[in-house]
Every structure is written in C-alpha cells, then in structure tokens.
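This briefing covers helix packing and salt bridges. Please look over the sequence and the model before reading on.

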Amino acid sequence: MAQIAIFDHMQQHQFEQVVHFFDRSTGLKGITVIHNTTLGPALGGTRIWNYATEEEALVDCLRLARGMTYKSAAAGLNLGGGKTVLIGDAAQVKSEAYFRAFGRFVQSLNGRYITAEDVNTSTKDMSYVAMETDHVVGLEGKSGNPSPVTAKGVYHGIRAGLFKKYGSADVQGRSFAVQGAGQTGYYLINYLVEAGAGDIFFTEINPKHISRMRLEHPQVRYVEPDEIFGLDVDVLAPCALGGALNDETIPQIKAPVIAGSANNVLLDEEAHSLMLMNRGIIYCPDFVINAGGIINVYHELIGYNKDRAMADAARIYDRLLDIFAIAEKEGISTYAAARVFAEQRIQSIRNLRDNYIPR
Ligand code: NAD
C-alpha cells in the first residue's frame, strides 16, 4: 500500500482530527479519527483488529469515521462522525487495564468523540471504558441490543422501497428473500411475518439460525446461499456481510427492490450503485436504511426510551422517499443521492450558525 499523505487526505475529505495513542503500561495502540463535528460530537464504535500494517489501520479508521458522518447526518441525528481502531489481536490484548487506558484517551478528547462497541469489543469491555470516561454509549442496562431497532428501520425502509415501486407500502402479499437470519435478519423476518407478508425465503450458513427459523416460522422457506440473489421476489434484503452486491450477484437479481441491514453491502459503492440504477432496481442505501443501531444509541445520550427509539427508526421511511426523489430529480443513483442528502443537512446546519446567538 502506498504511503498515505495524511494532511492531503485530511484536506481532500475534510477530516478534523487524527489522534494516535499509546499506553506504556498496557501496550494499548490505537487511532481515533474525528471526521466532522458540524452536527455534534463524533460518535463511532471501537474496533480491535490485528492489522497487517499501521497504514492499513489508519486507512480503515479514516474510511469508517467518514462513513459515520454520513450515517448520522442522514439519520437526522445531532452527531458527527468518528471511529477508533485498536491495533492488536483481540484474543490477546483485552483486559480491564487495557480498556481503562483507552477510556482515559477518550476522556482526553473532552467529549468531541463518543465511543461504543464494534467488531471485537463488547458491552463488558465498554463498561471498563466507562470507568474512565463519560463519553461512551451502548452500555449494559442502557440502550441494549440495537438489532431489533435496526431491523425495524429496515422494515420501514422496505416499505419505502415498495411504495416507490408499486405506489403502496403494504408488505401484505409481497414476497421477500432475506440473506442472513442472524440478529437483524431474524428480527426483520419476525416483523415481516407479523405484518402479514407473502412468501418469505431466507438463506443462512449457521445451522443454529436455520433451525431457529424452521422452529419459529416453518412457513419461511430455506434456500441455499447461492440461490438467494436469483429468486423472483419483490424485495431482496441482504442482512449478512458487506460486499454481497457485486459484479457476480447483481446480474442475477430479479427483485425490483433491495433493502437490507448489511453495512457496505455494495462491493464498489460507485460502480455497483450505478449498475443497480441501470438495471432499474430500487436500492435503499445501506447507511440510511440500517441507521436504527445508531439511532438507538443516540437515544441513550438524550435519555433512553425504547418506544421513542423505535419511532425514530420508523422515520427512515420518509428519509428514503426524500432520497429517491433527489435521485430521480438529479438523475443519480440512490447511493449518490443519499450522500447529497447527508451533505445538504450538514451544510444547512453549518450555515445556520453563521450568526452569533448567545445561549
Ligand atoms: P449477525 O452476525 O448476527 O448476522 C449475520 C448472519 O448472516 C449470520 O447468522 C451469518 O451466519 C449469516 N451469513 C453470513 N454469511 C452468509 C452467507 N454468505 N449466506 C447466508 N448467510 C450468511 O449480524 P447482524 O447484527 O444481523 O448484522 C448483519 C449486517 O447488518 C452486518 O453487515 C452489520 O454490520 C449490519 N448492521 C447491523 C446492525 C445491528 O444493529 N446489529 C446495525 C447496523 C448494521
């Protein structure tokens, strides 16, 4: 990988702050990136990963922090975008002292950055972080598991996609193909069944998740992983891993609407969003439709109430309709339109503050 010219990169993508930290007692090594705090403190989870190089860790952190800016802005939250990566093997590095050392660095940012759990970190780990900083969310006994809220947001996103396609948001009688019945896919299928959806197909690679579905919803039909994309259904809901929509899978898709929870579901955001647009497929952008998780932790900051978090996740429906309208008006992909939508919100709030009002 070519050496990254950090200030050029910061200028090009408008990053505010990149912090490297090292704790001599625990060996903690990490990077926190604050991309943009126009709307509020930068919020983003902490990922532990055994990166091959420091460069790779930095590039990942920059990319993830920037993604958080767009996700929160599009979700209508008063949050900016940030992220932390801790470099190391999660199986080796974790300890109370390690996370407390990290918490002290988070505190040193004085609330400009709020952390939460992410890949290889848990609510328990965050409870150690919370011993040293006020700026951590997603704690045990607070907002809890975000997956039901994420799935609820996806459910409303599906309704928006159906409305765009058929002029009716009703899921009754419509058919669905769900890839992945883990946390979010499982809850999504429950919501669809509850709402009287028509045929539902799912695929999984975890036998426990297959048997759970067979037991709880025998009418939901299992298909093999490579069959899910080609099913003749109304909605394809990718709820497994990133990169699921790519050169190989997109040509197989028969569903006119794609709406699922998976992050970074387009292998190449530019190329594959255009490919979907050219095939006339309505794609609900991942960072808009799966914002239920961040909406859920945001409510922890403003005083947690599950019903209010769920109601906020339901607003994903209107947001997607606005984004579809931008895409149509500008002749751009829904993914590009979602970026425009998020950037417009950041810009409009920035403009709002150009006069001085004492508070
Ligand atoms: P999860 O691990 O609980 O579920 C994913 C499921 O997909 C697993 O059961 C796994 O066995 C299955 N799977 C993986 N590869 C598969 C394949 N090729 N074919 C079929 N099944 C496959 O994860 P989750 O929390 O449900 O998250 C799913 C996606 O949604 C991820 O991309 C995640 O980043 C994103 N997301 C989740 C949340 C949340 O609140 N959990 C919030 C935002 C985004």
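Helix axes are lines fitted to C-alpha atoms, over the stretch in contact, and the angles between N-to-C directions run from 0 to 180 degrees. The model is predicted: local features need pLDDT of at least 70, side-chain atom pairs count only at pLDDT 80 or more, and totals for chains, interfaces and linings use all residues. Residues are numbered from 1 along each chain as its sequence is written, and side-chain values use heavy atoms, with hydrogens and water left out.

**Packing of helix 7 and helix 8**

- Helix 7 (residues 183–194) packs with helix 8 (residues 207–216) at an angle of about 15 degrees, and their axes are 11 Å apart. Helices (H or I, at least four residues) and strands (E, at least two) are DSSP runs, numbered from the N terminus.
- Helix 7 is therefore roughly parallel to helix 8, a term for angles under 35 degrees.
- Tyr 186, Ile 189 and Asn 190 of helix 7 make the contact with Arg 212, Met 213 and Glu 216 of helix 8, where contact means heavy atoms within 4.5 Å.
- The residues of this contact divide into three nonpolar, one polar and two charged. Ala, Val, Leu, Ile, Met, Phe, Trp, Tyr, Cys and Pro count as nonpolar, Asp, Glu, Lys and Arg as charged, and the others, Gly among them, as polar.

**Salt bridge between Asp 118 and Arg 47**

- The structure holds 12 salt bridges, each defined as a side-chain nitrogen of Lys or Arg within 4 Å of a carboxyl oxygen of Asp or Glu.
- In one of them, Asp 118 pairs with Arg 47, and the closest N and O atoms are 2.6 Å apart.
- This pair links distant parts of the chain, 71 residues apart: Asp 118 is in the loop between strand 6 (113–114) and helix 5 (123–129), and Arg 47 is in strand 4 (residues 46–49).
- Arg 47 is buried at 17% relative accessible area, whereas Asp 118 is partly exposed at 22%. Buried means under 20%, exposed over 50%, and partly exposed in between (1.4 Å probe, protein chains only).

**Salt bridges around Glu 132**

- Arg 100 and Glu 132 form a salt bridge at 2.7 Å, N to O.
- Arg 100 lies in helix 4 (residues 96–108) and Glu 132 in the loop between helix 5 and helix 6 (147–166), 32 residues apart.
- Glu 132 also forms a salt bridge with Arg 104, with the closest N and O atoms 3.1 Å apart; Arg 104 is in helix 4, 28 residues from Glu 132.
- Arg 100 is partly exposed at 28% relative accessibility, and Arg 104 is exposed at 55%.
- Glu 96, Arg 100, Arg 104 and Glu 132 are linked in a network of salt bridges.

Key. Parallel < 35°, antiparallel > 145°, perpendicular 65-115°, else oblique.
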